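Here are some exercises to work through with the structure open beside you. Try each task before you read its solution.

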Amino acid sequence: SSMSRQKFPCFIAFHGWSNCFGYAVREGTRLAQLPPTLPPLGFFRLRHCENENLIANVQILGIPPFSTLLLNGSFARLLGFDEGDEVILESLPPPLACEIVEIAPLSSNDYQIMESGTEVIENGLLSQLRVVSPRCRFVFFMSRSLSVAFRVVSITPPPPDGRLCLLTNSTELHVQSAPSVSLPPIEGKRRKRKDVVVERAAARTSSLVSSSSSSFSLLSSSPPLQSDLILRVLPSSLRNEKLRRAIGHPSLIYTIDPSLHYTSLSIVRASSLSSSSSPFFLLIRIPSEGEDIGADSTLSSVRETLKSHSLHAITSSSSFSDYERLLLKSVPTKNLHHLSRAIVTLPKSTKIELAESHIRSLLTNHPIVIPFKGISIRLPGHSTVLSLTPDPTTIAGSTRICFVADENTQLTMKEQDSDLDTLLTGQKEEEKEEKKFIPFERETYDRLFHLPWQSSLTTRLLSWLDSSSDSPFFDGRCVLITGPSGSGKTEQLRNVGHAAAHTAHAYCTYFMDGTAMKGRSAENIEKLLNGVVDNLISRAPSILLIDNIDLIASAQEEETRIIPVERVFTVLWRLLSSRRGVHVICSAHRLTSIHSSLIGNGKRFFHRIETIEGLNQ
């Protein structure tokens, strides 16, 4: 009763749950600290403190006192609110029952998404929204990454001014197309006004992926990503030979999304920690199950490969290296421009027919997305590099930033006096400098037999490390393997490194020999380790393998207290004890042979120690 007589100021913060409810909490409350269920607090009108005309009605759960209102970010922004905004909550009387609610999608994109899941909306609406009012807007989440924006058209019976209406299991939901939505006619079918699924958007999208009927108009009408996406590049060693041959397109990134029911396309910008550029890509998200994408198709191979590697991506682009983490940002539709004419520049020594045929084959399969400066495309099986750029005569005065070339794009072939390979020499040298970091990988001919205890130890270590590797930037663990000379410590490290790269986490592993650091200065070792650890962190989850860590300094050197040696191990302690997303596995003859800077004075550098016996035959 006291709540109904008062107004409450609070600040808006965002939560990631897929619903349109508000959650009243105290300032600083972490989402993980909230109980699974919160009691209903009531129905409230939100009024922006700086703009009194900005209002919205929300059902709120929680327990007073509170100072923060948690709303889903997509829902809040649709209403006009942003994170950190101060609002006034005004309590409203209980809602009235309603018999029929008529809603309409806000855009053609929303309508196409809605068409593919009307049953999902009808079955799941009450779990995401319980109250509506005339002309209000809300968001329905088809999945964690896909949502549809609606507006309420009418309510039957009409409620008095200012009163909310409660949705119940007996409420009829009618969906219509918004008057502002313009949809193309469907051959052989007529669009009905209400309650009819005319055509599955999923089927239309799949046709773009699996056949040559790609078009800019359909691509530009595909729904964008609802939020930024972080994916990790799956290493080429984990792709089968068929998949390596099939993916030769310069603009594609493949991933799977368990929340989707159909293949989805989005144009995105991709960036990584190691690259200053942000090229455009066509992101193809494949459902992990459900949609029939053909047993022999590239999509089927992608799905099979990525099923055991969640949040990974497959790309053939040379812009990014194996294991790198990519930040994908959706490109707004207004920034897309269909490229009616493009220029293909090639060296004089290259056959024009061969170059044109290759570009045409790429465009037939999928559109190529290119920036204003163009992109470089290498002919398969050749060292020849082609340049694909927008025709300047077709983009004069355009404010678009991403150009889409498809099978309808006219190609103008142009010979270059100087070899494009020569022009790209500087760029290649820079790439070599950036890509000196080469993760550990055993060659097929370098596979030695596994003793039973070696396989058992490998399994135990990986299981223990996996238990702390659920998040990308976990606190790394450090393992020490001890044993006499000839016991197989080095081989054990190599076995763990190889097996770790082929687990579901797809660890990026790097092998270092401690004897190679013996005699180096502390500054030299610090620079070396800094580079290695930075590369491993950017490719996390990772494992650093250090063989013979005890041979960096001998016991005699410790006894004479050589200051530079102590500095070396101080550097090791500082770098490796503060790692994020990187496990460390070391080998040594015994624990006491390791420099005291790592294990003395109560320090706990190693979380686990495994001892292996010497081989007796």
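**Exercise 1. The chain as a whole**

Task: Find what share of the contacts with a separation of 6 or more joins residues 24 or more positions apart.

Solution: In this predicted model, residues 24 or more positions apart account for 79% of the protein chain's contacts with a separation of 6 or more. Next, take the secondary structure: the chain has 16 helices and 31 strands. Then turn to burial: 51% of the 617 residues count as buried.

**Exercise 2. The surroundings of His48**

Task: Decide whether His48 is buried or exposed, and list its contacts beyond its neighbours within four places in sequence.

Solution: Start by locating His48, which lies in strand E3 (residues 40-48). Its relative accessible area is 9%, and buried means under 20%, so His48 is buried. Now follow its side chain. It reaches the backbone nitrogen of Glu50 at 3.0 Å, and it makes a polar contact with the side chain of Asp85 at 3.3 Å. Leaving aside neighbours within four places in sequence, His48 is in contact with Leu54, Phe81, Asp85, Glu86 and Val87.

**Exercise 3. A sheet of three strands**

Task: Work out the strand order of the open sheet that contains E7, E9 and E12, and explain why one side of E7 and of E9 has no neighbour there.

Solution: The order is E7-E12-E9, with mixed pairing. Strands E7 (96-97) and E9 (131-132) are at the edges and have a single partner strand each, so one side of each is left without a neighbour in the sheet. Look next at how E9 meets E12 (residues 165-166): the two run antiparallel and are joined by two bridges. Here Val131 stands opposite Leu166 in E12.

**Exercise 4. Checking a helix**

Solution: The buried residues in H13 include Ala522, Ile525, Leu529 and Leu536.

**Exercise 5. Nonpolar cores**

Task: Which residues have the most contacts inside the largest nonpolar core?

Solution: This core has 48 residues, and those with the most contacts inside it are Phe81, Leu89, Val132, Phe138 and Phe150. Apart from this core lies another of 28 residues, including Cys508 and Val582. Now take Phe150: beyond its neighbours within four places in sequence, its contacts include Ile103, Met114, Phe138 and Val175.

Methods
Residues numbered from 1 in each chain as written. Predicted model: local features only at pLDDT ≥ 70, side-chain atom pairs only at ≥ 80, totals over all residues. Heavy atoms only, no water. Pairing = 2+ DSSP bridges. Helix = DSSP H or I, 4+ residues; strand = E, 2+ residues; numbered from the N terminus. Buried < 20%, exposed > 50% of the residue type's maximum accessible area, 1.4 Å probe, protein only. Contact = heavy atoms within 4.5 Å. Polar contact = N/O pair within 3.5 Å; in protein donor to acceptor, adjacent residues only side chain to side chain. Core = buried A, V, L, I, M, F, W, Y, C linked by side-chain atoms within 4.5 Å.
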